[in-house]
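I opened my notebook to look up a few things in this structure. I want to know what sits inside and which side chains pair up.

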Amino acid sequence: MTMLPPCPVCGSEYTYEEGDNFICPECAHEWPKAGNGDDTTDTRIIKDANGNLLQDGDSVTVIKDLKVKGSSLVVKVGTKVKNIRLIDGDHDIDCKIDGIGAMKLKSEFVKKI
């Protein structure tokens, strides 16, 4: 049995070959067989409060009341946020919350639905 490399993004050992690529079934990352996956060294792995891998377009739930800076508004526990976008920075989730508008959230205060 041939040993395949683990996924460079999530570290999964369940990778498989398809054509000229390796594919990870857990995070759906693909990388070429010829390379060693170094093209993803600058890719950040962003996980929610439970350790689940987050990706663009996911839906999450807020797990803690969050005060909106510069406002008297509060994002309540259980607020559902759809179609998130992952960004670089301290607040790594960019989203729109109904009734509040565009916001940036920290991944440690959300869980994937």
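**Entry 1: Val81 and its contacts.** I started with Val81. Leaving out residues up to four places away in sequence, I found that Val81 touches Asp58, Ser59, Val60, Val62, Cys95, Lys96, Ile97 and Leu105. I keep in mind that this is a predicted model.

**Entry 2: the cores.** Next I asked which residues have the most contacts inside the largest nonpolar core. They are Val81, Cys95 and Leu105, and that core has 15 residues. I then looked up the elements that give two or more residues to this core: strand S4 (60-62), strand S9 (93-97) and strand S10 (101-105). S9 gives the most, with 3 residues. I noted one general point here: in soluble globular proteins, nonpolar side chains tend to be buried together.

**Entry 3: aromatic rings.** How many aromatic pairs does a search of the whole structure find? It finds 1. Phe22 and Trp31 form this pair, and the pair is tilted. I wrote down 5.7 Å centre to centre and 40° between the planes. Then I checked burial. Phe22 has a relative accessible area of 9%, so Phe22 is buried. Trp31 is at 3% relative accessibility, so Trp31 counts as buried too.

**Entry 4: Asp92.** Is Asp92 buried or exposed? Asp92 is at 6% relative accessibility, so Asp92 counts as buried. I found Asp92 in the loop between strand S8 (85-86) and S9. The side chain of Asp92 reaches the backbone nitrogen of Ser107 at 2.9 Å. I also listed what Asp92 touches, again not counting residues up to four places away in sequence. The list is Arg44, Ile46, Arg85, Leu86, Ile87, Leu105, Lys106 and Ser107.

**Entry 5: salt bridges.** I counted salt bridges and got 4.

*Glu17 and Lys33.* Their side chains meet in a salt bridge at 2.8 Å, N to O. Glu17 is in strand S1 (residues 16-18), and Lys33 is in the loop between strand S3 (30-32) and S4. The two are 16 residues apart, and the pair links distant parts of the chain. Glu17 is partly exposed, with a relative accessible area of 42%. Lys33 counts as partly exposed at 33% relative accessibility.

*Asp58 and Lys112.* Here the side chains meet at 3.4 Å, N to O. Why does this pair tie together parts that are 54 residues apart in sequence? Asp58 lies in the loop between S3 and S4, while Lys112 lies in strand S11 (residues 110-112). Asp58 counts as buried, at 12% relative accessibility. Lys112 is partly exposed, with a relative accessible area of 33%.

Asp94 is buried, with a relative accessible area of 19%. The cut-off for buried is under 20%, so Asp94 falls on the buried side. Arg85 is partly exposed, with a relative accessible area of 46%. Arg85 was also on my list of residues that Asp92 touches.

How values were computed. Residues numbered from 1 in each chain as written. Predicted model: local features only at pLDDT ≥ 70, side-chain atom pairs only at ≥ 80, totals over all residues. Heavy atoms only, no water. Phe/Tyr/Trp six-rings, centres within 6.5 Å; stacked < 30°, edge-to-face > 60°. Buried < 20%, exposed > 50% of the residue type's maximum accessible area, 1.4 Å probe, protein only. Core = buried A, V, L, I, M, F, W, Y, C linked by side-chain atoms within 4.5 Å. Helix = DSSP H or I, 4+ residues; strand = E, 2+ residues; numbered from the N terminus. Contact = heavy atoms within 4.5 Å. Polar contact = N/O pair within 3.5 Å; in protein donor to acceptor, adjacent residues only side chain to side chain.
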